[in-house]
Amino acid sequence: MLRSISRRTALTGLAALSAAALLSACSDSGEQANAATPKPAEPATPAATPAAPATPVQAVKAPEAQGTVDMAKLLEAGSLPDMVLGKADAPVTIVEYASMTCPHCASFHEKTLPTIKTNYIDTGKVRLIYREFPFDPLAEAGFMLARCSKDNYFPMVDVLFKQQSNWAASQNPKDALLQISKLAGFSQESFEACLTDQKLLDDIRAVRARGEKDFKVDSTPTFFINGNVYKGALSIEEMSAVIDGML
């Protein structure tokens with residue numbers, strides 16, 4: 001199952017939540033907060049650290065694309081600078097829309113991305129562009145903290161995905177996020193300053209709104225690979241098959 005929701009429910013309802021309200025929303029352990037938080041999947045087994053050479057991947061048939069988009073339009077600048085892994089001249093570009101509280105996104109980032117990075121991103125074959133598509137206030141808070149981490153954006157995203165079951169389903173997610181953030185160098189003051197930055201929150205919501213309006217993103221993870229649309233946490237074999245067919 002993909003993480004998806006109705007446009008008329010959570011996405012529109014969350015738009016009224018201000019950055020100043022995020023801290024109290026993160027502290028709410030009542031039914032409303034719990035209802036907004038997707039139940040995390042069982043903790044994923046961390047992928048083994050890939051060796052320096054490309055990791056062999058068993059060949060499978062590439063999954064069928066679920067549509068296409070205009071790649072030039074997809075790559076136009078948005079409200080926030082794109083977060084990118086890989087070389088600008090890579091022959092294959094992957095744009096991923098994800099939510100920090102989506103267990104399928106966490107599974108992809110833990111199980112599949114490390115091998116894709118070793119085999120394709122680090123070898124100059126693939127560029128990965130990562131875009132925020134939060135479904136709830138906790139996902140918004142996670143992305144805000146990642147953005148406030150500056151050059152440590154991807155390490156922060158990795159930590160939040162690996163620790164997802166510890167903070168996304170916590171009775172006190174604010175404290176859980178604070179403890180993770182302190183390990184990343186945040187103080188109490190910088191943590192609260194980040195989560196009350198209204199412009200940052202508005203910009204992240206604009207990234208999500210653009211993905212929904214212009215590219216019909218309605219579930220996470222959604223991948224655009226050289227303009228072809230794939231929904232769901234593709235396996236290493238499936239994504240490799242798609243990429244290899246474009247090289």
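Predicted model: local features only at pLDDT ≥ 70, side-chain atom pairs only at ≥ 80, totals over all residues.
Proline 221 has its place in the loop between strand S5 (219-220) and S6, and a cis peptide bond, with omega at about -5°, joins threonine 220 to proline 221.

**The protein as a whole**

The protein has 12 helices and 7 strands. Of its 247 residues, 48% are buried.

Five strands form an open sheet, and their order is S2-S4-S3-S6-S7, with mixed pairing. S2 and strand S7 (228-231) stand at the edges and have a single partner strand each, so one side of each is left without a neighbour in the sheet. From one strand to the next, the twist averages 20°. As a general point, strands of a sheet pair through backbone hydrogen bonds, and the pairing is either parallel or antiparallel.

| Strands | Sense | Bridges |
|---|---|---|
| S2 (residues 83-85) and S4 | antiparallel | 3 bridges |
| S3 (residues 92-98) and S4 | parallel | 7 bridges |
| S6 (residues 222-225) and S7 | antiparallel | 4 bridges |

Single residue pairs can be named within these pairings. Leucine 128 in S4 is the bridge partner of leucine 85, and isoleucine 94 also stands opposite leucine 128 in S4. In the pairing that involves S7, isoleucine 225 stands opposite asparagine 228.

Strand S4 (residues 126-132) deserves a separate look, since 7 of its 7 residues are buried, so the strand is largely enclosed by the rest of the structure. In a regular strand the side chains alternate between the two faces of the sheet. In S4 both faces are covered: Val126, Leu128, Tyr130 and Glu132 are buried on one side, and Arg127, Ile129 and Arg131 are buried on the other.

**Helix H5 and histidine 109**

H5 lies across S2, S3, S4 and S6, and the helix runs at about 155° to S4. Histidine 109 lies in this helix, H5, and with a relative accessibility of 7% histidine 109 counts as buried, because buried means under 20%. When residues up to four places away in sequence are not counted, histidine 109 touches Glu96, Pro114, Tyr130, Asp158 and Phe161. Of these, Tyr130 is also named among the buried residues of S4.

**Helices H6 and H7**

The axes of helix H6 (residues 137-148) and helix H7 (residues 153-162) come within 7 Å and cross at roughly 150°, and H6 passes H7 in a right-handed crossing. On the H6 side the contact is made by Gly142, Phe143, Leu145, Ala146 and Arg147, while on the H7 side it is made by Tyr153, Met156, Val157 and Leu160. Sorted by class, the residues in the contact of H6 with H7 are 7 nonpolar, 1 polar and 1 charged.

Proline 137 has its place in helix H6, and at 12% relative accessibility proline 137 counts as buried. Threonine 101 is 36 residues away from proline 137 along the chain, and the C-alpha atoms of the two residues are separated by 9.5 Å.

**Residues with positive phi in the loops**

Two loop residues have a positive phi without being glycine. Lysine 150 is found in the loop between H6 and H7, and the phi of lysine 150 is near 60°, a positive value in a residue other than glycine. With a relative accessible area of 62%, lysine 150 is exposed. Asparagine 226 lies in the loop between S6 and S7, and although asparagine 226 is not a glycine, its phi is positive at about 50°. At 31% relative accessibility, asparagine 226 counts as partly exposed.

Conventions:
Residues numbered from 1 in each chain as written. Heavy atoms only, no water. Axes fitted to C-alpha atoms, helices over the stretch in contact; angles between N-to-C directions. Left-handed = near helix turned anticlockwise from the far one by under 90°. Contact = heavy atoms within 4.5 Å. Nonpolar A, V, L, I, M, F, W, Y, C, P; charged D, E, K, R; others polar. Buried < 20%, exposed > 50% of the residue type's maximum accessible area, 1.4 Å probe, protein only. Pairing = 2+ DSSP bridges.
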